[in-house]
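Good morning, colleagues. Please look at the structure on the screen while I take you through some of its features.

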Amino acid sequence: MPLYHQPFYSSALEQAIDRYPLTAGQDTSLVVAIALMSQLQNSCPLVKTTLPSDRGVMHELPPADKMRAPCVLVVHNQQMIGAGNLSDNPSRGLLIGILTPADLVRLIASGKIDTQKKVALHKIPISEVMSPVSVSLTESDDQDVFAALSLFRQHGIRYLPIVNQFRHLVGVLTRERIRQVLQPSNILKLRRVAELMTTPITAPHTSSLFTIAELMSQHQVSSVVITKNKEVTMEKPKNDHTSIFHYSFQQPLGIITEYDIVQAQFLELDFEKTLASQVMVTPLKLIKPADSLWQAHKQMQQQQVQRLVVCGGRGELLGIITQTSLLRVLDPTEMYRVVKQLQHSVYQLQAEKVELLQSRNAKLELQVRERTAKLHEQVQRDRLLTQIALRIHQSLNLEEILHASVDEVRQVLQADRVAILHLESSNSGIVVAESVAENWSSILGEIFPDTMWQEGESVLEEQIYAVPHIDQANLNPEKYARFQKAQIKAYLIVPILQDSNLWGMMCVHQCSESRQWQPSEIDLLLQLATQVAIAIQQAQLYKQVQNLNTDLERQVQERTAELQQKVHELQQLNVIKDEFLSTVSHELRTPLANMKMAIHMLKVSPTLDRRQVYLEILEAECTRETDLINALLDLQRLEAGACAIDLEPVNLQIWLPTIIEPFYTRAQNRHQHLRVDFVSKLPTINSNRASLGRILAELLNNACKYTANDGEIALRVECKGAKSRQQEIQAKGSVFNSEIKFTLSNESEIPRSELPRIFEKFYRVPNADPWKQGGTGLGLALAQKLVEQLEGKIEVESGNGNTIFTVTFPIGQDQELVN
């Protein structure tokens, strides 16, 4: 039966543990350890060399998500490391020490490893330079990733060994692997890089590698940003002249990490002669201060780096963001620790007060009265603090919170003015809320530079300023004049912090006289500032949630409107489909029924005369059926653009009467009057005879069909802008815009509401055919498509009992005109 069972971890901690760390026995040489770390983390741009045979040969590394921690864990009873087992899972032993890249940098910077004398590192055992393991995590069922985060933060370590209950090595945890498994996108998306970036250690690109190692060891950092000084000249126009400004800033060129130092030592470079520009990693992985921490996290994950350089719009170096910064945002134990510490301080303070009152109660009655009065005053202030905090937290509107805060503070402290200054940038702030007594001026909306709160003799810790009188504060003339203008004689300023970042200042001004600020007043103002900071953060989070909800509601409304539009369109298409099926089926069946009846009558007809009549009916209905099918096919081809058109000369003077002639007989049969009016000389145009004839036939057919008996139908043809060939030659090449216009009117009115739809397929004007003549609704749709194919236009207007169709075609200057 096994004595040890592997505990069940949470999925995050289980994924973060590197169970295949680099291990070595205590007699392993330092050169082998350097070789191991060098091959695992290799970002240095130097030429890579093959490991000597006595140092072993590295096998293929695991995938990026299974990368080993770049440290060597020293265990007792460890087998010797050779070429055959570097990437195998070594036997577990008792953990006795650890060797990290920071240890090697410290040894190089202190001179214990002389890079110039080529010290025989293979003779130095790892046990002489390793660091003892001061902090480790024992695996158990109740451990989680936040317990590991707490140890990282508390001890400032970079590698956390995982051991079992017998202190045998199990694995190792790094901040990099924890960051990879913890991905709370909602939290990181709400925070900016500028909130957590830190000032990096920098060095010029001409520095030696030894200088870089000394900087890392001196400042206890894992990287140094290599920079060069860049000067910029800017011109700023003023009233009557232009001012030229010269300023310089540091431009990042590359970065050197501990792993690059390890790689250089593995290659046995001379640190004094090797320049930083030869070793630095370039191009840099850059990010902007306004980017979210989620973007920084994704960029680190995609590019497999542990730090990003923060640059401004001109490429100036602003700071650096590391995986440690990201983990600090995700560490809930930090807030829990602060709360517990505050509670402990409050309990301790109250206990001291009670003890002091009890000890002096027997000695001096006066002191008892004074202390009782102070305690009563403190209780009153605590009660007031609770009331103020309750009122502040009753609202989630930021403006209401700020104005309620300044009103309450001014009443409690009996001050002349209380204002809240919000820092809009690193060097200026604006007054966003104010409560001022009568007879004193207002400073609401004024902008103050950072020098207004960074000077003064009476300065408390954490940028708390308590000045009893401005004459005693040794202020510079500019600041003194500004305070005089605001009528300030004494002031108290405390910071408003959010996640250790300065959000703004709460300022209390005494304008009537000087004032000696009491510690209790300062403490009260600090507590109120803390409450205001919490309320501000809640209001900001609430506003962000509101914005998200508003955006979501807008998207839902847009999607709903789109869906309703699609449903409406589908309903219209369904109606059109039903109308089409109804119309087409009726129009197709009617000729078939007539043909069927004519065929039947042919069979039973006794005389030749009757048979001839039925044959004529049969032929007419066949023609009608064929025309309907052809109309459907022609319209489909025109809409698909698959019907090519051939242009040919058309002499309108000769061709037009042949098209109109059949309609004289039709009009006469229905007792209608067809009047045709055109000029005596019509041009010859380039067009398509069949298409042009079809257009006029459809329009004349509709006119005859929907005009009542004794009604008049008028067709007018005119050519505008046309000239004879002789006139055109005399114009000496000038261009005339000519067109041929066909105007057809009949005594039948179309309702105005129906005009936009008369060119739709299968659409027929309701109640426009009292004679029940039938039709498919394809004639005008087909005519419109044919007009468009001939590059013309068709228009319609109706009113006062008449309907007028106008068809216009352009005539090119190269077309022949009749003299």
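Of the 819 residues in the protein, 42% are buried, where buried means under 20% relative accessible area, exposed over 50%, and partly exposed in between, with a 1.4 Å probe and protein chains only. This is a predicted model, in which local features need pLDDT of at least 70 and side-chain atom pairs count only at pLDDT 80 or more, while totals for chains, interfaces and linings use all residues. Residues are numbered from 1 along each chain as its sequence is written, and side-chain values use heavy atoms, leaving out hydrogens and water.

The accessible surface comes to about 45400 Å², and 52% of that belongs to carbon and sulfur atoms; these areas come from the Shrake-Rupley method with a 1.4 Å probe. The secondary structure comprises 22 helices and 26 strands. Both are DSSP runs numbered from the N terminus: helices are H or I with at least four residues, strands E with at least two. Among contacts between residues at least 6 apart in sequence, 69% join residues at least 24 apart, a contact being heavy atoms within 4.5 Å.

Let me turn to a pair of helices. The axes of H3 (residues 101-110) and H9 (residues 258-266) come within 9 Å and cross at roughly 65°. Here axes are lines fitted to C-alpha atoms, for helices over the stretch in contact, and angles run from 0 to 180 degrees between N-to-C directions. Which residues make the contact? H3 contributes Pro101, Ala102, Leu104, Val105 and Ile108, and H9 contributes Glu258, Tyr259, Ile261, Val262 and Gln265.

Next, a single residue. Gln299 lies in helix H11 (residues 293-303). Is Gln299 buried or exposed? Gln299 has a relative accessible area of 17%, so it counts as buried. Leaving aside residues up to four places away in sequence, Gln299 touches Lys285, Leu286, Ile287 and Leu308.

Now a sheet. Three strands form an open sheet in the order E4-E5-E6, with mixed pairing; two strands pair if DSSP finds at least two bridges between them. Strands E4 (137-138) and E6 (169-174) stand at the edges with a single partner strand each, so one side of each has no neighbour in the sheet. Strand E5 (residues 159-163) pairs with E6 in the antiparallel sense over 5 bridges, and Val163 has Leu169 in E6 as its bridge partner.

Finally, helix H22 (residues 779-789) has several buried residues, including Leu780, Leu782, Leu786 and Val787. H22 is followed by Glu791, whose phi is positive, near 65°.
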